[in-house]
Amino acid sequence: MPSDNQSPEGAFLALRSLTKRFDGHAAVNGISLEVKPHEFVSLLGPSGGGKTTLLHMIAGFTEPDAGDILIQGESVRRWPSHRRGAAMVFQSYALFPHLTVFENVAFGLRMRKVGNGEVRRQVSEALEYVRLQGLEKRYPRQLSGGQQQRVALARALILKPRLLLLDEPLSNLDPNLRRELRDNFREIHNQTRMTTLLVTHDIEEAFTTSDRVAILGNGRLEQFDTPQAIYTRPASAFVARFVGHRNIVRGTPAQKEARHFLEIEGTEALLETPGTASSYVIPMNQVRITTDATTPRGYAGMSGVLEKIEYLGALVRFQVKSGGATLVGECLDHQWPVGLQPGITTRACWPLHRMIDLPGAV
Amino acid sequence: MTTARLRSASLIMPALIFIAALFLAPVVQILAGSFVQVHSGGWTLTAGLYEAFFADAYSWGLLERTLRISAITTLACLVMAFPVALLMRRLSSTQRTVLAILLLSPLLTSVVVRTLAWVILLGPVGLINKTLGVLGIAPVALMYNDVGVIIGLTHVFFGYMLLAITASMLKLDERLMLAAINLGASRWQVLRTIIFPLCLPGVLSGSVLVFTMSASAYIVPVLLGGTATKVMATEVYDLAINYLEWKEAAVVAAVLFVTVWLIVAAVTRLAARHERIGEGG
């Protein structure tokens, strides 16, 4: 995690201990992070996690209570929104409903009192860039969701910003359209190489678009890393749960007759070396279900009742309950052992080296 | 007609019968009467009374004053209600309710009481002129003229304008304003290019309300205008009650009705066109 002392060199956007309170409650609580030039970063977290407040502070809509915002090494904390060069694309796009596509895109230039001829030239260039020529005279409500998104992008990009801010631009859309529009953002980013910040609560959206993802919870930065690192090495139980891990278990080392065990939820897993007391994540796709009584070497196992089988199409998800613990596993549809029915006693096992140690969590 | 449609039609029947019997019938009777001339041989259809009305400069003066007072009242309500509606947007819903109750509580008092209160303030020996006198300033005529009527009407109808504008103001998406600010709009530019055009439907419906109610207002012109500031509504009353000239009264009422209706229709068409643009398609 980047710290306050880290040099801002190389950072395009740097947030320093940024804090914002509403009615005594810290919506953003001392967040520091650095975004490299040309990077596509997602701010991911549950609603109420502080991500939109953070974005609004960067855009200049909300004044921070403490901390600083640096763009290209320069503090912009006291600058008005439009001087920061941070263009915002809003949730459901916030196109001006009473203005045509042309006037929506031209809005920023009009506010800068750019001459008519120059406005026409730049708007037609911007519309060409987002492939919307010929729709100048339409009104936003006459456009499809995809076209609206491109108008919003053209409107933001026409002022040649240094930073593109996307505030949940894809929520409230149906899944297929989301996927298409998500790819659009990534494509635009590939072309412009513009440093981009995307706020979302959708893990898939964040993971598929972003170079790095910042996970925010309760106003704090929980983890800031590549999607892969976040999924395979979650920094906390919060992150693990948020990115979809469902098996978070407590492991206690034990020793019997010179053999090392890890006690997990009442079952014992054989270890080669002494274990450490910690919380562990067992990735769902590592859990195997078997009717054999023995656990293979290098695996931990747990006997229990097969409680539930969910068919998800490509995957089959199952739950094994043993005492107070429930383990959730997933396997590919064609790998599902035929004939297993809910209610039977089975064994769930998983490779020990695939267990993820959750540092800090107890 | 299917049974379902019959059943839905039956839902509006009580109201329809009530309106038809107690409102439409007398109106039609009076209007018809204004076109009929009874003489010894029977009756003839004639527009003579209307010709007489429009031939008289006094009538034109009445109509002009009525429309002028209504227009100025509408404008005054608009100018005062718009900033308040802007403020309403920024308040929390509790604060908004409190402010709305405070501003609209005058509506709970009878128009007569409210208007008499203005007499105490505006009269020749009213509070304002007494204060001016103490300060050594010559008294000003705030009553028994157009100014008094406009002040009274503005007070009475301000709430309607405020409610209409606030309704469209609260529908505005905050993000539109943030987007405009992000694109470099100043506060004034946000107001002019985003807020005002998008509140136009509320402004128009509030204006239509205030204008029509001002044009037909009776109590305020009587109490604050006196005999010097006659408007169409007071003329109707005078003709019908004091002079028992029911037909002439009907003519004045009909002219007022048609004129206001034409103005409202024109404004509504304008509003409809604006709405279409806003919604597209």
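Select B:Arg187, which lies in helix α9 (residues 187-215) of chain B. Keep in mind as you look around that this is a predicted model. Is B:Arg187 buried or exposed? B:Arg187 counts as exposed, because it has 11 C-beta neighbours inside 10 Å, and a residue with 12 or fewer is put in that class. B:Arg187 and B:Met177 are ten residues apart in sequence, and their C-alpha atoms are 9.2 Å apart in space.

**Second stop: the whole of chain B**

Zoom out and colour chain B by secondary structure. How many helices and strands does chain B have? There are twelve helices and two strands. The C-alpha atoms of chain B fill a box of roughly 80 × 75 × 35 Å along the principal axes.

Of the 281 residues in chain B, 30% are buried. Take the contacts in chain B between residues at least 6 apart in sequence: 72% of these contacts join residues at least 24 apart.

Most residues other than glycine have a negative phi.

Select B:Leu244, in the loop between α11 (232-242) and α12 (246-279) of chain B. B:Leu244 is not a glycine, yet its phi is positive, about 55 degrees. B:Leu244 is exposed, because 9 other C-beta atoms lie within 10 Å.

Then jump to A:Gln72, which sits in the loop between β4 (66-71) and β5 (74-75) of chain A. A:Gln72 is also a residue other than glycine with a positive phi, near 50 degrees. With 15 other C-beta atoms within 10 Å, A:Gln72 is partly exposed.

In what order do the strands of the open six-stranded sheet run? The order is β6-β7-β8-β3-β9-β10, and the pairing is mixed. The edge strands are β6 (86-89) and β10 (220-225) of chain A, each of which pairs on one side only. On average, neighbouring strands of this sheet are turned by 20 degrees against each other, ignoring direction.

Zoom in on β6(A) and its partner β7 (residues 163-167) of chain A: these strands pair in the parallel sense over four bridges. To see one bridge, select A:Ala87 together with A:Leu164, its bridge partner in β7(A).

Select helix α4 (residues 145-157) of chain A. At 1.5 Å a residue, its 13 residues should span 18 Å, and its end C-alpha atoms are 18 Å apart, so the two values agree. How many of the 13 residues of α4(A) are buried? Ten of them are, so α4(A) is mostly covered. Among the buried residues are A:Arg150, A:Val151, A:Leu153 and A:Arg155. The cover over the buried residues of α4(A) includes β6, α2, α3 (116-129), β7 and α5 (175-192) of chain A.

Colour 13-237 as domain 1 of chain A and 248-358 as domain 2. The centres of these domains, taken over C-alpha atoms, are 42 Å apart. Five residues of domain 1 of chain A are in contact with five residues of domain 2 of chain A. The side of domain 1 of chain A that touches domain 2 has two nonpolar, two polar and one charged residue.

**Last stop: where the chains meet**

Finally, show both chains together. The contact takes 20 residues from chain A and 19 residues from chain B. On the chain A side, β6 and α2 (101-111) each supply at least two residues. The largest share, three residues, comes from α2(A). Coloured by class, the side of chain A that touches chain B shows 13 nonpolar, five polar and two charged residues.

Notes. Residues numbered from 1 in each chain as written. Chains lettered and ligands numbered in written order. Predicted model: local features only at pLDDT ≥ 70, side-chain atom pairs only at ≥ 80, totals over all residues. Buried ≥ 20, exposed ≤ 12 C-beta atoms within 10 Å, placed from the backbone. Pairing = 2+ DSSP bridges. Axes fitted to C-alpha atoms, helices over the stretch in contact; angles between N-to-C directions. Contact = placed C-beta atoms within 7 Å. Domains from an automatic or database assignment. Nonpolar A, V, L, I, M, F, W, Y, C, P; charged D, E, K, R; others polar. Expected span 1.5 Å × (residues − 1).
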